[in-house]
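Visitor: Take me through one part of this model slowly, please. I'd like a close look at how its pieces sit against each other.

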Amino acid sequence: HAGAIAARLEDTDSGVRWVAVEALGMLGKHAAPHAGAIAARLENADSGVRQVAMEALGRLGEHAAPHAGA
């Protein structure tokens, strides 16, 4: 399921991106392979998306580290 959600990170609607990032954060370690894509949202034009990306990475914690550069 994480892959299907991660695919929405590129959506043109910032609300969809926001929800996708939030959902991935809630998946915890299961979303770790998508940590790089979540981290990329830290550069998003929408401040809400940036905020939720920061929170999601915090929830992933150490599980994100091996994937953050991906």
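**A helix pair and its surroundings**

Guide: Let's begin at E62, which is located in the segment after helix 4; helices are DSSP runs of H or I with at least four residues, numbered from the N terminus. A quick word on ground rules: this is a predicted model, so local features need pLDDT of at least 70 and side-chain atom pairs pLDDT 80 or more, while totals for chains, interfaces and linings use all residues. Residues are numbered from 1 along each chain as its sequence is written, and side-chain values use heavy atoms, leaving out hydrogens and water.

E62 counts as exposed because its relative accessibility is 68% (exposed is over 50%, buried under 20%, partly exposed in between, with a 1.4 Å probe and protein chains only). From C-alpha to C-alpha, E62 is 9.0 Å from A32, though 30 residues separate them in sequence.

Now for the helix pair. Helix 2 (residues 14–27) and helix 4 (residues 47–60) have axes that come within 8 Å and cross at roughly 10°; axes are lines fitted to C-alpha atoms over the stretch in contact, with angles from 0 to 180 degrees between N-to-C directions. The two helices are therefore roughly parallel, the label for angles under 35 degrees. On the helix 2 side, S14, R17, W18, V21, E22, G25 and M26 make the contact, meeting G48, V49, V52, A53, A56 and R59 of helix 4; contact means heavy atoms within 4.5 Å. By type, that's 7 nonpolar, 3 polar and 3 charged residues (Ala, Val, Leu, Ile, Met, Phe, Trp, Tyr, Cys and Pro are nonpolar, Asp, Glu, Lys and Arg charged, the others, Gly among them, polar).

Some of those names come back around R41, in the loop between helix 3 (35–40) and helix 4. R41 is buried, at 9% relative accessible area. Beyond four places in sequence, R41 touches L9, E10, V21, V49, R50 and A53. A polar atom of the R41 side chain also lies 2.7 Å from the backbone oxygen of A37.

V21 turns up yet again in the largest nonpolar core: of its 16 residues, L9, V21, L24, I38 and L60 touch the most other members. Such a core is a set of buried Ala, Val, Leu, Ile, Met, Phe, Trp, Tyr and Cys residues joined through side-chain atoms within 4.5 Å. Helix 4 gives this core its largest share, 5 residues.

Key: Parallel < 35°, antiparallel > 145°, perpendicular 65-115°, else oblique. Polar contact = N/O pair within 3.5 Å; in protein donor to acceptor, adjacent residues only side chain to side chain.
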